[in-house]
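Here are some notes for your reading of this model. Please keep the structure open beside them.

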Amino acid sequence: MLFLVAALLLLGVVLGTVAHAPLSFTLVAAAVIGVWLAVFAVRERHGRRRRTYS
C-alpha cells in the first residue's frame, strides 16, 4: 500500500513537471518510457515461457 501511495505521489510530481516542460522534451521522455515498458514486457513474457511448472 505504501508503494502505491509513493507511486501516485511521484506520478503527480511528474505530471506537474511535464506541464511546464517543452513539448520536445516531453515527447522524448515519453518515447524513452515507452521503450522501457516494451523491453520490460518482452522480458516478462520471455521469462514466463522458459519456466516449467511441475
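1. A term comes up below: a pocket is an open set of grid points with protein on both sides within 12 Å along at least five of seven lines. The model discussed here is a predicted one.

2. By this definition, the largest pocket has a volume of about 200 Å³. Its lining consists of Leu-11, Val-14, Leu-15, Thr-17, Val-18, Phe-25, Thr-26, Ala-29, Ala-30 and Ile-33. Two elements, α1 (2–18) and α2 (23–50), each give two or more residues to that lining. By type, the lining residues are eight nonpolar and two polar, with no charged ones.

3. What does the secondary structure of the chain come to? The chain has two helices and zero strands. Its radius of gyration is 16 Å, well over the 10 Å that the globule rule gives for 54 residues, so the chain is more spread out than a compact globule. The C-alpha trace spans about 50 × 30 × 5 Å along its principal axes.

4. How much of the chain counts as buried? The share is 0% of the 54 residues.

5. Between the C-alpha atoms of Ala-38 and Leu-10 the separation is 21 Å, and the two residues are 28 residues apart along the chain.

Definitions and conventions: Residues numbered from 1 in each chain as written. Predicted model: local features only at pLDDT ≥ 70, side-chain atom pairs only at ≥ 80, totals over all residues. Heavy atoms only, no water. 1 Å grid on protein atoms, 1.4 Å probe; cavity = no way out; pocket = protein on both sides within 12 Å on 5 of 7 lines; lining within 4 Å. Points joined across faces, edges and corners; volume = space filled by probe spheres on them. Helix = DSSP H or I, 4+ residues; strand = E, 2+ residues; numbered from the N terminus. Nonpolar A, V, L, I, M, F, W, Y, C, P; charged D, E, K, R; others polar. Rg over C-alpha atoms; globule rule 2.2 N^0.38 Å. Buried < 20%, exposed > 50% of the residue type's maximum accessible area, 1.4 Å probe, protein only.
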